[in-house]
Amino acid sequence: VKSGEVSDVQQFSINAAAGNYILELTNGSGCVNPKPERIVVRGKPQVTYTIPDRISICEYFDFVPFTNQALVFTLTYPDNSKVTKNKGEAFRIDQSGEYFLLGFESDAMGGLCPRETSLFVTLTNPIDYEPELISRDCFGNKQYKANLFGIDPSRFNIRWINEKNEVVGTEEFLFPISSGQFKLDVQPKNSEACPVPPKAFMIENSALSVEVNLKASFLCPGGSSFIELETDLNEVKKIFWLFIDPSGNTQVLDQFENKREITIQNPGIYEAVVFNDLNCEIGRKFIIVSETTAIAAFEIPEQMIVCDFFQLIPETELELNFTIVSPNGDISVVGPGENISFSQDGIHTITAESADPDNVLCAVTKTILIIKFAPVNFEPQIFEQDCEGKLVFEANLFGKAAAEVDVFWFNEIGVLVGTEQFLTPETYGMFSLEVRPKGSYPCPAPNIKKFEVIKPIVALEGNLSSTPFCSQGENVTVSLETDFNLVSKITWYFRDFSGNLVWMRNFTDQKEIVVSKEGTYEVEVFNNLGCLLGRDVIMVMRSMDESRPEVEETYLICPALGLDEGIDPGNFQKYEWILNGKLVSEEAVFSPSERGNYTLAVTNPEGCKYAVTFEVLVECKVQVTHTTGMSTKDSQRPFRVYSNPLVDEVGVWIYNNWGQLVYQCANQNLTSGNKPCEWFGDFNGKTIETGTYAVKIIYKNNIENISKSILSSVTVVD
């Protein structure tokens, strides 16, 4: 190539084996440019794996090429389809013909060359086969065959596998010596195994014998016994029964063949023989059946007359169950000690059986005739009674004849005291009467009527009382106290002080009456027979007590100074001091402690009540007043000094116009009841003249140490 010229770059490739190569470039003139180049072509090994050249398979086979290299395989199927798998993954082979397997590195930059091989596959189908039991005997021996349905067994591998997963045979026939779940595996020879699991089958343990048990009920005289066979009915296919009489003779009971329960009437030995499906005897058992005399004994009446229905417990010393068949066919069962109810006319059949499974008894059957009557309608009632206390009771049968019934009278302690229609009781209390149809057992409850025999009252205590009769025109209540439960009539009478007796018809049967006259009131009480039971008399007179409570209209108190005035209203039986409707004291002398309008209610010894009212005011100011006018000729108008309860001492000085002292008074302890000063206008034994006089008053409260004075005047007016 000349200098400065641009040459074309060419690429080319050749197939060359590994080795050393020399590259020379020449131009058209034969010049070598510029020198030969040495090229080394290195060789690479192929991948390695192994597969068989030929393989026979059954239906299909999962084929895995073996290699130690990290390869990828592509398998070309006879139908030219291709599947690629990584190392260790299986190809599903399911076609006959030639397969091509290409193996190459999973790494494209690796140093191994791909490799392709071929595999020829022959395809066969699975065989149809079954394990078959072909023989067995009475000793438990069995023979099985691998049934290939006509195909030559020599073409196949046969394996018999026992219950322990052990191969116990490789031939067409098997004579097992154990039992359990076996398996049969049949595979074609010179081929991969067919993908069919071995066929499992059960070899049952041969029952060379089974347990046989016999149970028999008691054979009662003239009766039957039931014999029951218990065994493994899955193994037993035939049953024979034999009878051995007391002489040792054996008889085959053909009529009982293959029956598990038989009914027999004769005592002796009975034997059962059992066979399997091969007619091999696999068990036998005998039982001795003896006739027993142990019976379910009980006692009942042959006939009963009952009222409506009756309950009966049969007499027995045994634990028995009873089955009762009524005349209409109804069936009932009762246990030991339970009542049997009879409510139907006719013959009842009773069968007794043992209630104890460990004490088997022969059943006993008896009958009883029931004659039924309806209950009697009756009522006890008083038939006769007089004022002297005589009592006669009757059983009222409501028209039924006494000859058709039985009558029973019982006293208060349950003792029978009479059996006739009439009864004259000798005691008192709760009696009872029972009436049954003639000859009948007791009727069902409630068929006993209770009634009380009350002792006749021929005299009754009664007391009269009255409310106080305190003033003219006042009403008085006269009350009767007695046992009114025994009284049917009350009669009242009035007798004045002149002895005149008046029947008070308007007050008949009244327990209390209201009257306003003084005199004597009488009462009489009668029972329901009109018998006089008692009477009482009470005198009603007006109270003669003139005493009344005496109180002031107003009282002043000062609770703060403890100056509470005690109020004494006089001598009475009872005191009630009431403030605003509330009782505050019941003392004879009352010292109020709060202001208000009070009511005093007193009761005198005769029960009369009187009431007065007064007012209590609170006054805590020390206070003194006096009259400012007086008359020497009127004793009701003297000169007076007034003080409240807070004043303890008062001093009074009165002077005329010349300063002469005409009156002086000094009172102390006024709170103890001393009266304050009072002057009627006298001086030196004479009456003073009319005019105005000077007044000086000094008063004190010792508790509070208060002293005050008043300068005033008083005018004498005549």
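This is a predicted model: local features need pLDDT of at least 70, side-chain atom pairs count only at pLDDT 80 or more; totals for chains, interfaces and linings use all residues.
Residues are numbered from 1 along each chain as its sequence is written. Local features need pLDDT of at least 70 and side-chain atom pairs count only at pLDDT 80 or more, while totals for chains, interfaces and linings use all residues, and side-chain values use heavy atoms, without hydrogens and water.

**The sheet**

Begin with the open sheet of four strands, whose order is β41-β40-β43-β44 with antiparallel pairing. Strands here are DSSP runs (E, at least two residues) numbered from the N terminus, and two strands pair if DSSP finds at least two bridges between them. Select β41 (501–503) and β44 (532–540) at the edges: each has a single partner strand, so one side of each lacks a neighbour in the sheet. Next, select β40 (residues 489–495), which three bridges join to β41. Arginine 495 stands opposite leucine 501 in β41.

**The disulfides**

The structure holds seven disulfides, a disulfide being a pair of cysteine sulfur atoms within 2.5 Å. Select cysteine 220 and cysteine 362, whose S to S distance is 1.8 Å. The torsion about their S-S bond is about -105°, so this disulfide is left-handed. Cysteine 362 is buried at 2% relative accessibility, where buried means under 20% relative accessible area (1.4 Å probe, protein chains only).

Move on to cysteine 307 and cysteine 443, which also form a disulfide. The link of cysteine 307 and cysteine 443 is right-handed, with 95° about the S-S bond. Cysteine 307 lies in strand β24 (residues 303–307) and cysteine 443 in the loop between β36 (429–437) and β37 (448–453), so the pair ties together parts 136 residues apart in sequence.

Finally, select the disulfide of cysteine 470 and cysteine 608; both cysteines are buried.

Note on methods. Buried means under 20% relative accessible area, exposed over 50%, partly exposed in between (1.4 Å probe, protein chains only).
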